[in-house]
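Hi,

Here is the structure I said I would pass on. Have a look at it first, and my notes on the spaces inside it and on the ligand follow below.

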Amino acid sequence: MTVQNQLFINGEFVDAIDGGRIDVLNPHDNSLITSIAEARQNDIDRAVAAAQAAFPAWSRMQAAERGHLLMKLADAIEANIDELVEIESRDTGHPVRDCRNLDVPRTAFTFRYFGGMADKVQGSEIPVEPGFLNYVKREPLGVVGQVVPWNFPLMFTSWKMGPALAAGNTVVLKPAELTPLSTLKIAELMAQVGFPPGVVNIVPGYGHTAGQYLAEHPQVAKIAFTGSTDVGRKIVGASAGNLKRVQLELGGKGANIVFDDANIKAAVGGSAFAIFHNQGQACIAGSRLILQESIADEFLDGFLTLAQSIRLGDPSDPSTEMGPLTSKQHQQRVLNYCDIARQEGGEILLGGKVPDDVALSGGCYVEPTVVRAQSSDRVCQEEVFGPFVAVTTFKDEEEALAIANGTQYGLGGGLWTQNLSRAHRFADQMRNGMVWVNCYKRVNPGSPFGGVGSSGYGREMGFEAMHDYTEAKSVWINVDAQIPPFYPR
Ligand code: TAP
């Protein structure tokens with residue numbers, strides 16, 4: 001496997017001006033994959049300057065042509081699937097099974113979707129007073145800064161860059177320093193398929209230096225951020241200097257409610273996927289399992305049996321279903337929450353520790369963990385971001401809704417029921433950006449993705465994202481209006 005380990009600025013791979021380097025580790029055994037160039041302020045300045053220089057031609061390029069390039073990129077991603085699977089799996093710990101079936105194909109799918117969207121964003125004509133023509137154009141914003149986390153680095157390139165580029169913006173993107181390799185591979189493919197230099201610039205670096213500086217940068221028109229709520233607040237502060245637009249996709253504490261009339265088998269399988277896929281490192285993970293009392297025991301029997309059977313192991317093994325967490329630091333954070341659960345009097349029903357298997361002892365593994373808790377406990381209120389689900393019970397619909405809406409977050413949540421009226425009632429009343437009924441964590445590039453409350457604001461995906469990456473310009477033309485003088489003389 002060969003990997004890019006430099007910055008990508010103005011269409012070329014280059015070293016950092018200040019020369020810092022960051023080690024990138026394989027979380028399966030913490031072995032060194034490579035060390036990458038670390039972008040600091042001078043590099044961010046170069047990247048922003050390159051994006052600014054590229055903006056006039058890119059924004060004036062025929063929209064269909066921009067779309068064509070995004071589609072060519074999607075084709076190139078599919079043609080390079082083997083390499084991308086290997087890079088993403090080694091860098092993040094995602095099982096190759098998931099990278100091959102989800103991360104890589106979904107990335108191509110999303111770039112292709114936004115390729116098709118490029119020439120579908122239309123303005124409008126407003127019926128104003130006779131004699132005037134008023135039309136509204138949707139114009140790109142300029143240079144867009146994007147900061148992405150380590151949990152889905154490859155897929156997030158398409159979520160973030162797809163709509164921004166389709167709309168005619170140019171991009172400076174900072175991947176998490178833990179997982180920059182698939183993003184750099186995408187940059188390489190972009191250069192190969194013919195994206196003009198400067199349209200996309202990739203600047204791996206630390207969040208508190210490179211990320212913060214990008215968010216503050218006076219020449220950046222918008223900052224789009226995915227990550228923790230705490231850093232989201234810093235981004236808002238940093239954006240104030242030039243009042244840049246902000247889009248925040250932050251944490252979540254997904255309520256996954258199972259009613260007594262649910263199809264229990266389907267709910268068990270869907271709930272396991274909701275929390276254990278990607279080792280629970282997903283903002284939309286169903287991390288709170290909220291069970292109706294009358295079916296709680298039956299449900300937990302099936303759920304614990306399934307969770308126990310999940311094949312934990314080396315992500316490069318095609319039979320592995322759950323890999324390591326992304327870093328030692330994050331593994332420790334999740335284990336700390338296991339301790340917090342114990343201290344709060346929670347009952348650990350499964351896991352709560354690193355696996356006994358010595359073959360995994362050098363890596364960042366945590367067993368699938370199921371904890372019975374109270375809805376006011378920290379483990380039911382704070383984002384753990386690991387294979388850790390907190391179970392609570394409820395008596396009736398009213399109580400279920402109060403628990404579901406009882407955190408600061410409002411990203412994704414769902415319910416399992418055969419009662420259609422209840423499904424719609426709940427979908428209306430859940431204080432969330434996304435609701436799933438008899439499924440969980442469904443995402444499609446056409447469907448808006450984002451949250452309310454401490455989960456952030458703005459939307460990724462679909463027309464909503466295109467809207468967020470453009471500005472409305474209202475143009476008035478006096479066609480033949482006779483305007484009486486305002487100051488008759
Ligand atoms: P964050 O610190 O929020 O990191 C996310 C991204 O923001 C990374 O690229 C990070 O860079 C960057 N960043 C950090 N400080 C920044 C700043 N001051 N200005 C601009 N960018 C900055 O998340 P984390 O520490 O990796 O994880 C902590 C917790 O955040 C997790 O346990 C989880 O609860 C939550 N989280 C949520 C999400 C989603 S999808 N909503 C994703 C990741 C984490 P560096 O990594 O290079 O420092």
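**Cavities, pockets and ligand**

The largest cavity has a volume of about 60 Å³. A cavity here is a set of points, on a 1 Å grid over the protein atoms alone, where a 1.4 Å probe fits but cannot get out. The grid points are joined across faces, edges and corners, and a volume is the space filled by probe spheres set on the points. Lining residues are those with an atom within 4 Å of a point. For the largest cavity there are 14 of them, with Ala282, Ala285, Ser287, Glu383 and Phe385 closest to its centre. By class, that lining has seven nonpolar, five polar and two charged residues (Ala, Val, Leu, Ile, Met, Phe, Trp, Tyr, Cys and Pro count as nonpolar, Asp, Glu, Lys and Arg as charged, and the others, Gly among them, as polar).

Before going on, a word on the source: this is a predicted model, where local features need pLDDT of at least 70 and side-chain atom pairs count only at pLDDT 80 or more, while totals for chains, interfaces and linings use all residues. Residues are numbered from 1 along each chain as its sequence is written, and side-chain values use heavy atoms, with hydrogens and water left out.

Searching the whole structure turns up two cavities of 30 Å³ or more.

Now the pockets. A pocket is an open set of points with protein on both sides within 12 Å along at least five of seven lines. The largest pocket comes to about 1,100 Å³. It has 38 lining residues, and Trp150, Phe225, Gly227, Ser228 and Val231 lie nearest its centre. Two or more lining residues come from each of α7 (207-216), β10 (222-226), α8 (229-239) and α11 (328-343); α8 gives the most, with six. (Helices, H or I of at least four residues, and strands, E of at least two, are DSSP runs numbered from the N terminus.) The lining splits into 15 nonpolar, 15 polar and eight charged residues. Where does the largest pocket lie? Domain 1 (7-250 + 455-475) and domain 2 (255-437) both give residues to its lining, so it lies between them. Those domain bounds come from an automatic or database domain assignment.

The second largest pocket holds about 380 Å³ of space. Of its 19 lining residues, Arg106, Met155, His277, Lys441 and Val443 are the closest to its centre. Its lining has 13 nonpolar, three polar and three charged residues. Both domain 1 and domain 2 contribute to this lining too, so this pocket lies between them.

Last, the ligand. There are 29 residues around it, and Trp150, Glu177, Ser228, Arg333 and Glu383 come nearest (a residue counts if one of its heavy atoms lies within 4 Å). A ligand oxygen is 3.1 Å from a polar backbone atom of Gly205. A ligand nitrogen sits 3.1 Å from a polar backbone atom of Gly227, and a ligand nitrogen is 2.9 Å from one in Leu250.

Cheers

Note on methods. Polar contact = N/O pair within 3.5 Å; in protein donor to acceptor, adjacent residues only side chain to side chain.
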